Amino acid sequence: MTMHKTVGASVDAMIEDLRTLVEIESPSRDADALRDSAKAVAAVLESRLGGHAVLVESAAGPHVHWSAGGDPKVLILGHHDTVFPLGTLERRPFTVQDGRATGPGVFDMLGGLVQAVHGVATLDDRSGVEILVTADEEVGSRSSRALIEERALACGAVLVVEGAADGGGLKTGRKGCGTFQISVTGRASHAGLEPAAGVNALIEAAHQVLDIAALSRPDIGTTVTPTVASAGTLDNVVPAEATVIVDVRVESADEKERIESAFAALSAHLDEAEISVQGAVGRPPMPESTSTELFAVAQRLLPGIEGKSVGGGSDGNFTSALGVPTLDGLGAVGGGAHADHEYLVIAAMTERANLVAGLVNAIQNT
């Protein structure tokens, strides 16, 4: 494997860019905030890599696409939206202390994005490299999926710079994941005077929860977990409506099909109750087979690095489902994704930047 000459990525410069991106808050679905964030991402790309970063408009906010030109060979994939609402930064400002960077989005996944950019910047030859930073990963990637799939197929290899697995490992497989909503319609009546005249949507929802929970097959990696429920209006009224939201994770396409079919076949237990079901396993499973070759390269570049299959989904699920070689978890070493204790390990930043650079170089020379 031929390596181009590289120079080490500057930690100070990476922290500078990370601070810039974190301090422009970018909650999903906030179009104005995401536009500001996209402009900042584009500015970092152009400053460190040259060329022109294109803002791709979408209903979710602007995605950012940068290309070095030449025959497309590798897509570096990330996102600039975060789960944190505006105002989080004031409560939890960007801070560098005791070897860690903290602040909203440092681990998921602005740190990984910055590391990747600085890693690519160390390469003499950047031809064939594309970077796509989407605006809606945290809310399902509905507006970006077609673009992700288009560029993944064009490039033929994908490096996803989501945060590392526990201990700094790479993510070699992911479960497919989805959300379902079951809406129950009953009929209201006075709970004291004539409860039998009503159709209790809450009782029907309880039946549905038990049926749904029974779909889990944890022995083969399938989890079906009711997570949110609501019903009723007043304490003396038989509830006429109820909803149940369910989180689903699966490891195989067969289980995706089984679960979706089972939800479609749900039926009411109570006479005159009606149910409707919305949802799907929107992110297909990311099988470990699609990461095998790239992970082997990573192991040569960084001996001892581990690969793990994890439960959470990413945009790598979409690219691997197309059969495009995909390696995930190449971003920041740290933890606390989506939580107030989110952090990035500064000492690992250069090593991760160099790992991305090495993988890009290896793909270029394949």
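Helix axes here are lines fitted to C-alpha atoms over the stretch in contact, and the angle between two axes runs from 0 to 180 degrees between N-to-C directions. The model is predicted.

**Two crossing helices**

Take helix α4 (residues 106-121) and helix α10. Their axes come within 7 Å and cross at roughly 60 degrees. That makes α4 oblique to α10. The crossing of the two helices is right-handed. Both helices supply residues to the contact, as the table shows.

| Helix | Residues in the contact |
|---|---|
| α4 | Gln115, Ala116, Gly119 |
| α10 | Met349, Arg352, Ala353, Val356, Ala357 |

By type, the residues of this contact divide into 5 nonpolar, 2 polar and 1 charged.

Helix α8 spans residues 292-301, and its buried residues are Leu294, Phe295, Val297 and Ala298. These four lie on the same side of α8, because they cover an arc of only 155 degrees around the axis. On the other side of α8, Glu293 and Arg300 are exposed.

**A loop residue**

Asp271 sits in the loop between α7 (253-264) and β12 (274-283). Is Asp271 buried or exposed? Its relative accessible area is 70%, and exposed means over 50%. Asp271 is therefore exposed. Along the sequence, Asp271 and Val199 are 72 residues apart. In space, the C-alpha atoms of Asp271 and Val199 are 7.8 Å apart.

Definitions and conventions
Residues numbered from 1 in each chain as written. Predicted model: local features only at pLDDT ≥ 70, side-chain atom pairs only at ≥ 80, totals over all residues. Heavy atoms only, no water. Buried < 20%, exposed > 50% of the residue type's maximum accessible area, 1.4 Å probe, protein only. Arc of directions from axis to C-beta. Parallel < 35°, antiparallel > 145°, perpendicular 65-115°, else oblique. Left-handed = near helix turned anticlockwise from the far one by under 90°. Contact = heavy atoms within 4.5 Å. Nonpolar A, V, L, I, M, F, W, Y, C, P; charged D, E, K, R; others polar.
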